[in-house]
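Hi everyone, thanks for coming.

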Amino acid sequence: MGKKKSRPVEEVNGNPNMSPMIDCCFLLLIFFVVNATALTVSKDPSINMPSAVSCSELKDANGCIVVNIFADMDKMAPNAADKYQKTYKRSDVVWGVADNSEASGSRGFSMDETQALTDYISKQKEFYKGKNLDEKAIRIYLRGDMDAPWERTAAAIRCAAAAGVSNMVFGTLPARN
């Protein structure tokens with residue numbers, strides 16, 4: 001019988017290779033950063049928001065259907081009016097929205113398009129319900145310009161009520177001292 005050849009024994013020094021673990025940590029970090037930034041509220045630079053003495057920051061933007069309420073063009077600051085015209089390409093837009101369910105960008109509605117705004121809010125509500133979000137967590141985030149007529153805000157609230165969304169958040173800035 002022949003002798004079996006023994007294989008050389010690998011030396012194990014007890015130090016594991018850290019490269020794969022570091023790679024996994026970086027991938028997880030990138031994943032969480034990308035997903036955390038997706039939950040921010042889209043802010044239209046054309047809105048000159050009012051300030052309030054006591055206000056709190058919106059902690060969770062998930063489930064927010066953002067409706068921007070614009071002032072008349074002649075009451076907007078010049079730089080805000082320029083941004084408004086570049087974004088919406090028409091002057092009759094009184095409500096601006098950013099669609100969360102598709103990459104269509106900003107959309108604008110005129111005062112004659114209340115049914116279209118109601119349909120948009122209904123579509124966004126269904127989008128969030130499809131993501132298994134509790135219906136009580138779905139809310140309208142109204143970002144009104146301080147010079148916008150109240151009728152536009154009231155009409156947006158009526159559109160939200162017609163769409164079945166009763167939870168409202170009014171956007172303000174902290175008071176300047």
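Predicted model: local features only at pLDDT ≥ 70, side-chain atom pairs only at ≥ 80, totals over all residues.

Val67 is in contact with Trp95, Gly96 and Val97, with Ile140, Tyr141, Leu142 and Arg143, and with Ala156.

Val67 also belongs to the largest nonpolar core, which has 22 residues. Together with Trp95, Leu117, Ile121 and Ile140, Val67 touches the most other members of that core. Two or more residues each come from E2, E3, H3, E5 and H4, and the largest share, 5 residues, is given by H4. Apart from this core there is another one, of 7 residues, and Phe70, Ala81, Tyr88 and Val93 are among them.

Now for the sheet. Here we have an open sheet of 5 strands, in the order E4-E3-E2-E5-E6, and the pairing is mixed. E4 and E6, residues 168–170, stand at the edges with a single partner strand each, so one side of each has no neighbour in the sheet. On average, neighbouring strands are turned by 25 degrees against each other, direction ignored. If you look at E5 and E6, they pair in the parallel sense over 3 bridges, and Leu142 stands opposite Phe170 in E6.

Two helices to point out here. H2, residues 78–88, packs on the sheet and touches E3 and E4, with its direction at about 100 degrees to that of E4. H3 packs on the sheet too, touching E2, E3, E4 and E5, and its direction makes about 155 degrees with that of E2.

Let's stay with H3 for a moment. H3 runs over residues 114–130, and at 1.5 Å a residue its 17 residues should span 24 Å; the end C-alpha atoms are 24 Å apart, which agrees. Which residues of H3 are buried? They are Leu117, Thr118, Tyr120, Ile121, Gln124, Lys125 and Tyr128. These cover an arc of only 160 degrees around the axis, which means that they sit on the same side of H3. As a reminder, an α-helix has 3.6 residues a turn, so residues three or four places apart point the same way. What covers the buried residues of H3 includes strands E2, E3, E4 and E5, and helix H4. On the other side of H3, Gln115 and Gly130 are exposed. Just after H3 comes Asn132, which takes a positive phi of about 60 degrees.

Conventions
Residues numbered from 1 in each chain as written. Heavy atoms only, no water. Helix = DSSP H or I, 4+ residues; strand = E, 2+ residues; numbered from the N terminus. Expected span 1.5 Å × (residues − 1). Buried < 20%, exposed > 50% of the residue type's maximum accessible area, 1.4 Å probe, protein only. Arc of directions from axis to C-beta. Contact = heavy atoms within 4.5 Å. Core = buried A, V, L, I, M, F, W, Y, C linked by side-chain atoms within 4.5 Å. Pairing = 2+ DSSP bridges. Axes fitted to C-alpha atoms, helices over the stretch in contact; angles between N-to-C directions.
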